[in-house]
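Subject: Structure handover

Hello,

Here is the structure for you to look over.

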Amino acid sequence: MPLPRSVSVYLGSSALLLAALLRRLSWLPLIGGAYRAWACRLIRQSGLFDERFYRDNNRDLQPQAKQLLQHYVLLGDLEGRCPSACFDPAYYRLQARSQAARAQALLHYLLVGRHRRLAPSAWFDAEHYLQENKDIARARLEPLRHFLAEGAWQGRTPSSAFDSAAYLQAYPDLASSGLNPLLHYICEGRFQARRTRFGKAPDGASRPARASQAPDTQTTARLWPAGIAGFSGKEDWISAERLLAQLEWLSQESPCAAKSSSAPFSEPTAEPTAETSQHPGQSGPVQTNRGEGFESAIPARSCRTQLPIDVVVPVYLGRLETLRCLLSLLTARVQINHELVVINDASPDPVLREALRNLANAGQITLVEQLVNQGFVKSANLGLRLHPDRDVLLLNADTEVYDGWLDRLHRTALQHPNVGTVAPLSNNATICSYPRRGCDNPYPLELEYRELDALAAQINRGLSRAAPTSVGFCMLVRRACLDDVGHFDEDAFSPGYGEENDFSQRASRRGWVHLIAADVFVPHWGARSFRGEKGRHMTAAKAVIARRYPSYRQQVAAFEAADPLAEARRRLDWGRLARHRAEENVLIFHHRRGGGSARRVEAEISSLHQRGLGVFLLRPVSGDPTSLELSLPMTSALPNLPRFSITDAKALTQLLQTLGISEVRTHGLFDLVPDAVAYLERLVRSLGLRWVAYLHDYKVICPRVNLADRHGRYCGEQGNAQCGHCLALNGSEFGRPAIAAWRAMHRQALSAAALIRVPDEEVAGRIRRYFPELRLQVSANDGTEHSVTCQSRSSKPPSQQAHIVVIGAIGRRKGFDVLLRCARDARARGLGLRFTLMGFGLDDARLRAQGVEVSGRYPEVDAPGLLKRLSADLVWLPSTCPETFSYTLSLALSAGLPICAFDIGAIAARLRRLGIADGLVALSLADRPAALNRFLISLASGMPVRRPAQMPARAPATATG
């Protein structure tokens with residue numbers, strides 16, 4: 001039996017204290033050896049140290065060094081080296097905020113963090129994984145290890161932003177390779193702009209903006225998400241070959257040739273300003289070329305020899321991201337004069353070298369080639385010195401820019417004479433990061449990055465904030481500041497880490513100001529590989545910075561505490577929401593527990609979108625029963641929006657009016673205060689909103705939700721006295737309310753609903769016994785009832801086993817104990833029965849011990865095929881409390897297989913309506929495995945069914961209260 005989480009955290013913290021003591025004494029031979037052996041053993045058993053990954057991404061280590069794990073334990077963790085692709089020590093330390101985590105990140109995660117459900121990296125959300133996979137949470141398995149070993153191929157998602165099963169299905173080129181889909185995306189797919197989620201929105205990617213907000217399709221091409229290249233043919237991702245084809249077309253154009261276009265570039269909501277008039281633009285006209293499956297917008301570059309800004313891009317490795325960067329620079333339409341300078345730092349990639357030379361020969365770029373690799377800092381300084389009279393923008397080769405980007409950065413630089421540097425917002429730029437600050441945001445959003453940049457230009461126009469440092473991935477430096485401060489310190493920061501922080505501090509001491517332009521967004525992919533020496537160099541650079549500028553860390557801490565960019569990020573979150581507002585809008589209340597109601601919500605959202613309605617979600621915040629979180633369907637988090645209290649009618653009223661909500665739909669008010677439904681009733685009445693209430697369970701009549709006792713068995717509904725006794729004995733997640741008051745509260749609240757939908761007539765009848773005055777509409781969760789003809793089966797030879805398949809996630813209410821007893825009886829008596837659980841159970845090990853085959857979780861889309869491959873003779877749905885619908889029944893019906901179930905709830909009602917009730921048995925037989933097994937054998941083999949003697953069922957008492 002796993003220990004409680006609080007106990008595990010306490011024991012893990014104690015073990016960490018002991019480990020820290022042993023680490024300090026590791027200079028003693030015996031103690032050092034014991035510490036290394038213990039730490040290596042723990043990490044090796046965790047499965048989170050990838051030896052091949054560590055070797056490939058730490059080339060600075062000696063090639064003959066075989067003790068890679070020992071190196072990581074002794075030095076690698078402190079240097080910030082990643083033990084595997086999905087564990088990022090720097091990111092984890094931000095989550096943990098612990099001195100122990102700073103010293104031993106992976107050990108802290110294994111002993112403490114995983115029990116606290118902390119995220120090991122930006123790629124993997126442990127809390128999401130355990131919420132979505134209750135079997136993993138119950139078994140107290142380490143989530144990241146499970147995902148890497150099994151979960152990815154079972155269709156389990158590492159975060160709400162990545163759909164593993166759909167990723168494999170969408171990209172057959174990697175599905176056949178056996179690669180973990182998330183690892184492929186980290187190392188390759190993100191640079192190729194492959195999609196991570198595959199929703200059913202009408203446009204296939206995101207909801208369209210309102211007509212008044214829609215971008216001009218003549219000036220803003222609808223391109224592939226997060227990418228600058230169109231696509232066609234079989235490939236639907238960006239490849240180096242196609243980028244090269246586009247660049248080759250560019251290289252054939254004369255840089256000074258006259259261009260013409262019917263749609264010259266104009267910045268969103270931009271007005272002519274004195275700043276822009278100082279440098280009259282050159283690239284308004286564009287030429288668009290269509291052909292060979294791609295589209296390019298080519299700026300008309302100026303023929304003037306004196307350009308006011310040098311855009312300097314040092315290049316070494318990373319063919320795909322570098323080509324993307326250059327193509328975006330050459331196709332982004334800007335008004336200010338500039339010269340694109342590429343510093344080839346002795347790249348070993350011959351394809352990249354040739355592409356650069358072709359562009360240079362065509363006059364598209366100024367190319368400076370170094371014969372020997374000098375590193376980023378020396379290459380950057382070369383670009384800074386190239387034209388001593390110009391401002392310079394240093395840009396990493398793993399970025400991408402869009403229309404008007406340089407104009408906005410330059411306009412920010414001209415806000416005050418003391419502005420020395422300007423940097424934009426980005427997905428991966430520490431203090432400039434969006435949507436979450438201080439860390440990488442690696443997954444694409446629901447809108448393209450070019451759209452996000454245009455949104456920032458519109459709603460954050462002219463907004464900038466001072467910072468203690470600039471951020472070097474995209475850094476505009478004024479020439480006056482360079483002349484005053486000097487260039488980067490090549491001796492102290494030659495590897496390329498910390499040089500911009502040192503420069504910023506030197507500039508600050510001389511009165512220069514560093515601004516972050518909140519109206520520019522430049523995505524930054526980050527390093528393709530996880531070069532281990534990066535952590536070592538960063539550690540060394542931090543030591544130099546701390547020694548030279550003792551107050552620097554305090555300056556950054558003060559900036560983070562004040563968070564002056566919070567307003568800019570919040571505006572962007574609201575702006576993303578506003579894009580999805582339509583003439584009519586629906587707000588859906590739903591929990592985060594998954595299950596059948598989640599499937600119904602997904603289908604409903606798709607239907608509402610097809611009707612052109614805007615859809616917004618309000619969901620409870622984990623661990624806070626009064627708070628709600630606003631989000632969009634199929635959307636990454638909006639972490640900068642405020643949380644809303646279910647008890648704060650004023651804030652919720654303002655929210656609903658802002659979003660233009662005309663209808664509210666509820667799909668279960670779980671994980672909130674018990675009287676949340678009363679607050680909601682008052683809200684909809686005060687605003688005169690239409691409320692559609694979906695009842696997927698029996699919460700309105702029973703705080704225990706499913707009419708089940710502590711053993712998961714149907715309670716029988718024997719009246720208020722029995723309900724009061726059950727609540728007093730067993731409690732509920734809503735406490736132990738008086739049953740009459742509970743039902744009165746829901747009766748009063750539901751009277752405000754314009755429509756109450758239930759998934760089956762049996763559910764309607766049961767609820768009407770308590771609330772006869774309510775008008776209920778029956779609406780099946782899957783839209784329609786199946787018309788079924790069961791497959792005819794001939795009798796089998798006595799020696800052949802009958803194969804019984806149970807479908808779903810089987811807990812006590814779903815019949816786990818019944819299945820276990822029947823399997824045990826069949827095994828003990830050598831019956832001709834074989835049980836398979838298509839899914840997972842409360843305790844798979846106990847099931848397997850009794851001979852039950854357990855398939856494990858499967859992607860929903862694979863369910864019909866998996867059931868067919870199992871060649872079942874019978875599907876058994878052993879739920880012991882009344883279901884309200886059951887998607888597993890729909891799956892079994894679609895397969896045309898005989899079905900066995902207990903004669904209760906919507907499952908029995910649906911089977912009776914279809915005239916296939918031969919497989920129904922009384923619930924009283926749940927405790928008689930021998931009789932049940934005889935019935936299963938008869939039904940599965942096609943022999944005449946002889947029903948076992950049944951104990952009389954108790955009739956429900958007349959409902960009151």
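In this predicted model, the cysteine sulfur closest to that of Cys432 belongs to Cys474, and at 9.5 Å it is too far away for a bond. A disulfide would need the two sulfur atoms within 2.5 Å. Searching the whole structure gives zero disulfides. Cys432 counts as buried, because its relative accessibility is 0%.

Next, two helix pairs.

Helix α14, residues 240-251, and helix α17, residues 350-361, have axes that come within 9 Å and cross at roughly 25°. The two helices, α14 and α17, are therefore roughly parallel to each other, since angles under 35 degrees count as such. The crossing of α14 past α17 is left-handed. On the α14 side the contact is made by Leu244, Leu247, Leu250 and Ser251, and on the α17 side by Val351, Ala355, Asn358 and Leu359. Of the residues in this contact of α14 with α17, six are nonpolar, two are polar and none is charged.

The other pair is helix α2, residues 29-46, and helix α7, residues 105-113, which pack at an angle of about 65° with their axes 11 Å apart. Here α2 passes α7 in a crossing that is left-handed. From α2, the residues Tyr35, Trp38, Ala39, Leu42, Ile43 and Ser46 meet Leu106, Leu107, Leu110 and Leu111 of α7. The contact of α2 with α7 comprises nine nonpolar residues and one polar, with no charged ones.

Regards

Conventions
Residues are numbered from 1 along each chain as its sequence is written. This is a predicted model: local features need pLDDT of at least 70, side-chain atom pairs count only at pLDDT 80 or more; totals for chains, interfaces and linings use all residues. Side-chain values use heavy atoms; hydrogens and water are left out. Buried means under 20% relative accessible area, exposed over 50%, partly exposed in between (1.4 Å probe, protein chains only). Axes are lines fitted to C-alpha atoms, for helices over the stretch in contact, and angles run from 0 to 180 degrees between N-to-C directions. Helices (H or I, at least four residues) and strands (E, at least two) are DSSP runs, numbered from the N terminus. Angles under 35 degrees count as roughly parallel, over 145 as roughly antiparallel, 65 to 115 as roughly perpendicular and the rest as oblique. A crossing is left-handed if the near helix is turned anticlockwise from the far one by less than a right angle, and right-handed if clockwise. Contact means heavy atoms within 4.5 Å. Ala, Val, Leu, Ile, Met, Phe, Trp, Tyr, Cys and Pro count as nonpolar, Asp, Glu, Lys and Arg as charged, and the others, Gly among them, as polar.
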